[in-house]
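Please open the structure in your viewer and keep the selection tool at hand. The tour goes from stop to stop, saying at each one what to select and what is there.

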Amino acid sequence: MGDKAIFPKFLEIMGYEESVTRALESAIEQGDLLVAWIILLQPKSFGKLKMQTANPLDTLLISNKYLEKRDDLDTLVRGIEMQKNFLLTMAFQQHMIAELQIPILTCGINDGTKRYWDCYCRQMVTTAYNSVGTARMGPDTDRNAVVDPRLNVRGVSGLRVVDASIMPSLPSGGIAAPTVMIGERASDIIKEDWIAKESLATRQEL
């Protein structure tokens, strides 16, 4: 971690169990800590949003369903195996970088088996806050699509959705730049629609 002063806040946000927090606090006190995130770019598990009532202002019920699909868990475990191989390279060994053994009480002793790392992933998984797809864009044949290719909300006149929620699935990376692109494209679409509407009105007057 670059700034040890922010580490307590980092641990607070992550919400790890006490044994994990103690191990990380001890490690940062003894030296530098390199935190490597293994990020699942194309998750196959999908969460759900559910309205409690017909009032759109009421709190939604959110079920993230992380790692519901077995493929997602297998991909994360393969990522851990790749990360462990980095520790065997000359660059890491020359700098005496070693793996930190974090006690996950629920998973028992780290015996290096896939069963252990499966458990580890389930206990340590978190979010990168790159959620998409709650108002997905799609063709008329997609019954789950909320908006059409011009970002109009189906069944509602004069309403568009222009944000990351219209992405049908996650891009392989952060969503900030694609969301900006969506906004830029939406501005073009809105201008095109107004120009077409004004042109039609002019022709009708003539």
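How many aromatic pairs does the structure hold? The structure holds six of them, where rings of Phe, Tyr and Trp (its six-membered ring) count as a pair if their centres lie within 6.5 Å, and where planes under 30 degrees apart are called stacked, over 60 edge-to-face and the rest tilted. A pair of aromatic rings is described by the distance of the centres and the angle of the planes.

Before you select anything, note that this is a predicted model, in which local features need pLDDT of at least 70, side-chain atom pairs count only at pLDDT 80 or more, and totals for chains, interfaces and linings use all residues. Residues are numbered from 1 along each chain as its sequence is written, and side-chain values use heavy atoms, with hydrogens and water left out.

**First stop: Phe10 and Trp37**

Select Phe10 and Trp37, whose rings form an edge-to-face pair at 6.2 Å centre to centre, with 65° between the planes. This pair links distant parts of the chain, 27 residues apart, since Phe10 belongs to helix H1 (residues 7-14) and Trp37 to the loop between helix H2 (18-30) and strand E1 (48-51). Helices (H or I, at least four residues) and strands (E, at least two) are DSSP runs, numbered from the N terminus. Phe10 is buried, with a relative accessible area of 17%, whereas Trp37 is partly exposed at 48%; buried means under 20% relative accessible area, exposed means over 50%, and partly exposed lies in between (1.4 Å probe, protein chains only).

Leaving aside neighbours within four places in sequence, Met14 is in contact (heavy atoms within 4.5 Å) with Trp37 and Thr126.

**Second stop: helix H5 and its cysteines**

Move on to Trp117 and Tyr120, whose ring centres are 5.0 Å apart and whose planes stand at 75°, so this pair is edge-to-face. The two residues are three apart in helix H5 (residues 114-124), so about one helical turn separates Trp117 from Tyr120. Trp117 is buried, with a relative accessible area of 7%, and Tyr120 is buried as well, at 18%.

Which cysteines form a disulfide? Select Cys107 and Cys119, whose sulfur atoms lie 2.0 Å apart, a disulfide being a pair of cysteine sulfur atoms within 2.5 Å. The angle about the S-S bond is -85°, and the link of Cys107 and Cys119 is left-handed. Although 12 residues apart, the two are said to link distant parts of the chain, with Cys107 in the loop between helix H4 (90-94) and H5, and Cys119 in helix H5. Cys107 is buried at 16% relative accessible area, and Cys119 also counts as buried, at 19%.

Cys121 counts as buried, at 6% relative accessibility.

Select Ser19 in helix H2, a buried residue with a relative accessible area of 8%. A polar atom of the Ser19 side chain lies 3.2 Å from the backbone oxygen of Pro103. Not counting residues up to four places away in sequence, Ser19 touches Pro103 and Leu105.

Most residues other than glycine have a negative phi. Select Leu67, in the loop between strand E2 (60-63) and helix H3 (70-86), where phi is positive, about 60°, although the residue is not a glycine. Next select Leu151, in the loop between H5 and H6, which has a positive phi near 70°. Leu67 is buried at 8% relative accessible area, and Leu151 is buried at 4%.

**Last stop: helix H6**

Finally, select helix H6 (residues 176-205), whose 30 residues should span 44 Å at 1.5 Å a residue, and whose end C-alpha atoms are 44 Å apart, in agreement; the expected span is 1.5 Å times one less than the number of residues. Within H6, look for Ile182, Ala186 and Ile189, which are buried.

How values were computed:
A polar contact is a pair of N or O atoms within 3.5 Å; within protein, one must be able to donate a hydrogen and the other to accept it, and residues adjacent in sequence count only if both atoms are side-chain atoms.
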